[in-house]
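This briefing covers a predicted model. Please look over the sequence and structure before reading the points below.

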Amino acid sequence: MISSEPVITVKNMVKKFGDFVANDNLNFEVYKGEIFGFIGANGAGKTTAIRILCGLSTPTSGEMKVAGFDIYRQTEKIKRNIGYMSQKFSLYEDLTINENIRFYGGIYGMKIADRKARTAEMLERLDLSAYGNRKIGDLPLGWKQKLAFSIAILHNPKIVFLDEPTGGVDPITRRQFWNLIYEAVEKGITVFVTTHYMDEAEYCDRVSIMADGRIVALDTPEKLKKRYDAANMDEVFLKIAR
Amino acid sequence: MIEVKDLHKKYGDVIALEKVSLSVQKGELFGLIGPDGAGKTTLMRILMSLLLPDTGSAIMNGLDVVADYKKVRLITGYMPGRFSLYPDLTVEENLKFFATVFGTTIEENYYLIKDIYQQIEPFKTRRAGKLSGGMKQKLALSCALIHKPEILILDEPTTGVDAVSRKEFWEMLKRLKDMGITILVSTPYMDEASLCDRIALIQQGRLMSVATPLKMTNSFPEDLWAVRTRKIYDTSKLLELIPSMLSVNSFGQVLHLVTKKGMHTAKSIIQFLSAQGEVEISVEASTATIEDVFILLMNHHKQNQ
């Protein structure tokens, strides 16, 4: 499903906070339909880079395009064409499932008929049709995360950014979550994902590994394992980051 | 050192702990392994006398967590899941505060925290709120240790922490254990289970299994096959149709197929797949990981519900 058409282009991306260089000249492209893994130690600069790519923070220098839009001048257009979900913030706990969907649908300017049709389809897919009026706060974490992801792609974005989407989730739900990711990719959505589970790094088409603000490796899991003579991505990561 | 008997705890209609019984030996590094919402934090908060159980009892080194709660707090060190130090105090002030509250000094027990504290000592005049995640974690551990507790209770100390820092943290725990401290630690990362002396798998308020990690994986009751294929997703869908299949899950680039004991051979699985047009695959018998055990027990539980 991966094409050679880039949906994210990053050239010489630099972000400084005072004297501190959070992103030190990053260069990469993400292709349409790709699952792009973005891993690195805490403080390596992942979140800073994601915030810039989502149009939430302005880089110090460099040229970047996301979904065809310029990162300096077209951040509002970028925001309309991406989805975002993180472990920490996903849905409003005090609102019901339906209310959350209405809220996000409104934010992304979805037509009401569209939203209704896609909501029904999505809840059925998740076996949650009977629970539309349940408050998010009453749902188990696994359901919340699957729902949050489905809502993040409800407006059919070109790219979805997932920041540690599976943290603390049980092993069965974690895998169901990845099946949802594969289904989104089938629909042509590009997935940009961070994780601390190294087995999940193996599910990505390509993985970029950051350390101290730089990208120190970027390739398919297969090639990374070969290059670092490692049995799995956990070993690759330990060899690079230690 | 820790004796938990028939603990029950409900929050409204939600059962947080259901008949939990557990004993942790002196000097043991004991892991509570389970996802968010399994009941790990509730159990730890009851042990720390921060929460009352509905029924059941918990004894820490001979002291009842309800009746003797003041004494219990003196012999235990606790690192909650959320960063709970004073963000406006500096690193050193936080440590001094905890030492003073427990009637001791930093100097008196410095040997205990030396390895850990030295790594953050260059930043001792920095406010705790301004520390990075890894440094906060080291400070919190130092504060939990400064009164030389007999029992250390750590609630998900490695959650959200990268793989390298996680390894380092476990090495610190190993050293503390070697100094004779009994440690109860919880984690949602199944791969950390093998670093514990014994573990309990916890899910929906119930302990599903308690044993050494090795015993738990060696006594996996079914057959487990490692299947390697180019098309993980397609092959996993096919394998779900194989007779006597119990589960198919991906573990990185390998599929783990679990089938009822004695029902298959590597050959019969390859035959099944090639009849469906799948070639270029390899199948071999494999040993279970803790995550395989957890998934099996979770599925058992779901079927019994």
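Helix α5 (residues 133-145) of chain B is largely enclosed by the rest of the structure, because ten of its 13 residues are buried. A residue counts as buried here if 20 or more other C-beta atoms lie within 10 Å of its own.

**Helix α5 of chain B**
- The buried residues of α5(B) are B:G134, B:Q137, B:K138, B:L139, B:A140, B:L141, B:S142, B:C143, B:A144 and B:L145.
- Among the elements covering these buried residues are the strands β6 (76-79) and β7 of chain B.
- The helices α3 (91-101), α4 (110-117) and α6 (163-178) of chain B also contribute to that cover.
- The end C-alpha atoms of α5(B) are 19 Å apart, which agrees with the 18 Å that 13 residues should span at 1.5 Å a residue.

**Sheet in chain A**
- Four strands of chain A make an open sheet, ordered β2-β1-β4-β5, with antiparallel pairing.
- Its edge strands are β2 (20-31) and β5 (69-70) of chain A, each of which pairs on one side only.
- Strand β4 (residues 61-66) of chain A runs antiparallel to β5(A) and is joined to β5(A) by two bridges.
- A:K65 stands opposite A:D70, which belongs to β5(A).

**Confidence**
- The model has an ipTM of 0.76 and a pTM of 0.84.
- In chain B the average pLDDT is 92, and 100% of the residues score at least 70.

Terms used. Residues are numbered from 1 along each chain as its sequence is written. Chains are lettered from A and ligands numbered from 1 in the order in which they are written. This is a predicted model: local features need pLDDT of at least 70, side-chain atom pairs count only at pLDDT 80 or more; totals for chains, interfaces and linings use all residues. pLDDT is the predictor's confidence in each residue, from 0 to 100. Two strands pair if DSSP finds at least two bridges between them. The expected span of a helix is 1.5 Å times one less than its number of residues. A residue is buried if 20 or more other C-beta atoms lie within 10 Å of its own, exposed if 12 or fewer, and partly exposed in between; C-beta atoms are placed from the backbone. Two residues are in contact if their C-beta atoms, placed from the backbone, lie within 7 Å.
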